[in-house]
Amino acid sequence: MNNYLISGSPHIHGGESTKKIMYSVIIALMPAFLFSIYYFGFNAVRVTLISVAACVLTEWLIQKYLLKGECTIGDGSAIITGMLLAFNLPSNIPAWMIIVGSIVAIGIGKMSFGGLGNNPFNPALVGRVFMLISFPVAMTTWPTPNPIFSNAVTDAITGPTVLGYIQEGLAKGIPANELTIYENIEQFIYSGSLGEIGSIAIIIGGIFLIFRKVIDWQTPVIIIATVGIISTVCWLIDPTQFVHPMIHIFGGGLMLGAFFMATDMATSPMTMKGKIVFSIGVGALTIIIRLWGAYPEGMSFAILIMNAFVPLINKACKPKRFGNNPVK
């Protein structure tokens, strides 16, 4: 007689692991990283390396001397946090500020909750928002590369991002449809953080993650569509107060946030219904902050706010238990 051992779920295992998933995300970020080097030169490498090194070192020190548990820096999650934080920073930001932001991202945003999988908020965004509040001038001073696509960045030449340029123009009473956005196309392309200037590169990385089934396509598509629909409605109602929706879709950090931060498994809902609610919330809050808030960019705040609602969304969108349907 054969004896069968029955163990707890899960009973089906895939070939993926946390490490494989994390390194797939790192690979997906490479096009945007190379694009930032092309535009900002060595400063893009400097910011990214410092951020990654500080995040990895902070996680290792906390695990070794405070938590005194297993070291997990090899899973790649700290590297991703460092890269995403760097992609949210200007290329001329001082090294010590990057280190402070990295410590906050890993120490407060991740390890204080117990590490990977336990953090309710995206660690990179925790670090980014902390830096934006603590170092507002450095975080909103955007260097621009010289007019021909060279690797040399002149720190003395700075300009606003396209969203900041629009906000400044509207504050001066200039109608939105008269702002010389397209005549000043270099501001649209060049200014911004490392991850804001290469939307096409971000999309390529996002498609790679969707193809690898690391993320669902619904989350980024719904976020982008929500921003597009609301901004289009506003633009059609009053083009003197609201700019063309394509500016909001391809300007700022919408693509980076939609593909790489809102899709974070630990901080997003578990069910597809929950992800839809979450994505609509992120998109709506982003455009509301952009159009009527004090900041020209709202993606970081929108994701963090919706991260806080994830437990409620999971509870409200909980599926029925298997076998719990009444027999008709």
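Residues are numbered from 1 along each chain as its sequence is written, and side-chain values use heavy atoms, with hydrogens and water left out. Because the model is predicted, local features need pLDDT of at least 70 and side-chain atom pairs count only at pLDDT 80 or more, while totals for chains, interfaces and linings use all residues.

**View 1. Helices α10 and α12 cross with a right-handed sense.** The axes of α10 (residues 218–237) and α12 (residues 254–261) come within 8 Å and cross at roughly 150°, which makes α10 roughly antiparallel to α12 (angles under 35 degrees count as roughly parallel, over 145 as roughly antiparallel, 65 to 115 as roughly perpendicular and the rest as oblique). On the α10 side the contact, meaning heavy atoms within 4.5 Å, is made by T219, P220, I223, I224 and V227, and on the α12 side by L254, M255, A258 and F259. By class, this contact has eight nonpolar residues, one polar residue and no charged residues (Ala, Val, Leu, Ile, Met, Phe, Trp, Tyr, Cys and Pro count as nonpolar, Asp, Glu, Lys and Arg as charged, and the others, Gly among them, as polar).

**View 2. Helices α3 and α4 also make a right-handed crossing.** The axes of α3 (77–87) and α4 (residues 95–108) come within 10 Å and cross at roughly 135°, which makes α3 oblique to α4. In this contact A78, T81 and L85 of α3 meet I98, G101, S102, A105 and I106 of α4, a set with five nonpolar, three polar and no charged residues.

**View 3. The largest cavity holds about 80 Å³ of space.** A cavity is a set of points, on a 1 Å grid over the protein atoms alone, where a 1.4 Å probe fits but cannot get out, and lining residues have an atom within 4 Å of a point. Of the 14 residues that line this cavity, N88, E196, G253, E297 and S300 are the closest to its centre. The largest share of the lining, three residues, comes from α14, and by class the lining has six nonpolar, five polar and three charged residues.

**View 4. The largest pocket holds about 430 Å³ of space.** A pocket is an open set of grid points with protein on both sides within 12 Å along at least five of seven lines. Among the 24 residues that line this pocket, M22, I80, L116, D264 and M265 are the closest to its centre, and the lining has 15 nonpolar, seven polar and two charged residues.

Key: Axes are lines fitted to C-alpha atoms, for helices over the stretch in contact, and angles run from 0 to 180 degrees between N-to-C directions. Helices (H or I, at least four residues) and strands (E, at least two) are DSSP runs, numbered from the N terminus. A crossing is left-handed if the near helix is turned anticlockwise from the far one by less than a right angle, and right-handed if clockwise. Grid points are joined across faces, edges and corners, and a volume is the space filled by probe spheres set on the points.
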